[in-house]
Amino acid sequence: MPSSRPAALIVEDQPFVGLVASDILRESGFETFHAQDAKDATALLDEHPEIEVVVADAELSGPMHGLELAWQLSRERPNVQLVVTSAGHELAHSEVPQGARVLRKPYASGELRTLVAAKGLLEDA
């Protein structure tokens, strides 16, 4: 039975960073899922169509990096809210899909909450 809470997917290849992001969103009322690469993220999205938010690291390791995943999602699941995180460099608006939010690492829990609350998924973020 699907949860009545909004669902979020964290796509992060650094386990501790993914755990922290998951905890932030879970404490904010989300059901959370975690993938370490784009392939796992795609499988989870297929398995859980209820996912409304994807937080993806732009510098994922593997054959598909986070920016490619974000562009793919913007085409295939335009209703999913995208947050692209980056520690490596400042991302230009042209590097991310229209409507995606950019969050520079390290980020405070309030910054992540504010970005996902902007879509109105949380009642008291």
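**The cavity and its surroundings**

Mentor: Happy to. One cavity of 30 Å³ or more turns up when the whole structure is searched; by cavity I mean a set of points on a 1 Å grid over the protein atoms alone where a 1.4 Å probe fits but cannot get out. This is a predicted model, in which local features need pLDDT of at least 70 and side-chain atom pairs count only at pLDDT 80 or more, while totals for chains, interfaces and linings use all residues. Residues are numbered from 1 along each chain as its sequence is written, and side-chain values use heavy atoms, with hydrogens and water left out.

The largest cavity holds about 40 Å³ of space, the volume being what is filled by probe spheres set on the points, which are joined across faces, edges and corners. Its lining (residues with an atom within 4 Å of a point) is made up of Ile 10, Val 11, Glu 12, Val 17, Ala 21, Val 55, Ala 56, Asp 57, Thr 85, Lys 105 and Tyr 107. Strand S1 (7-11), helix H1 (15-27) and strand S3 (51-57) each give two or more residues to that lining, and S3 gives the most, with three. Helices (H or I, at least four residues) and strands (E, at least two) are DSSP runs numbered from the N terminus. Seven of the lining residues are nonpolar, one is polar and three are charged; Ala, Val, Leu, Ile, Met, Phe, Trp, Tyr, Cys and Pro count as nonpolar, Asp, Glu, Lys and Arg as charged, and the others, Gly among them, as polar.

Take Lys 105, which lines the cavity: its peptide bond to Pro 106 is cis, with omega near -5 degrees. Pro 106 sits in the loop between strand S5 (101-104) and H4.

Now take Ala 21, another lining residue. Along with Ile 24, Leu 25 and Glu 27 of H1, Ala 21 makes the contact (heavy atoms within 4.5 Å) with Ser 109, Leu 112, Arg 113 and Val 116 of H4. That H1-H4 contact has five nonpolar residues, one polar and two charged. The axes of H1 and helix H4 (residues 109-117) come within 10 Å and cross at roughly 60 degrees, which makes H1 oblique to H4. Oblique is what remains after angles under 35 degrees (roughly parallel), over 145 (roughly antiparallel) and 65 to 115 (roughly perpendicular). Axes are lines fitted to C-alpha atoms, for helices over the stretch in contact, with angles from 0 to 180 degrees between N-to-C directions.

Methods. 1 Å grid on protein atoms, 1.4 Å probe; cavity = no way out; pocket = protein on both sides within 12 Å on 5 of 7 lines; lining within 4 Å.
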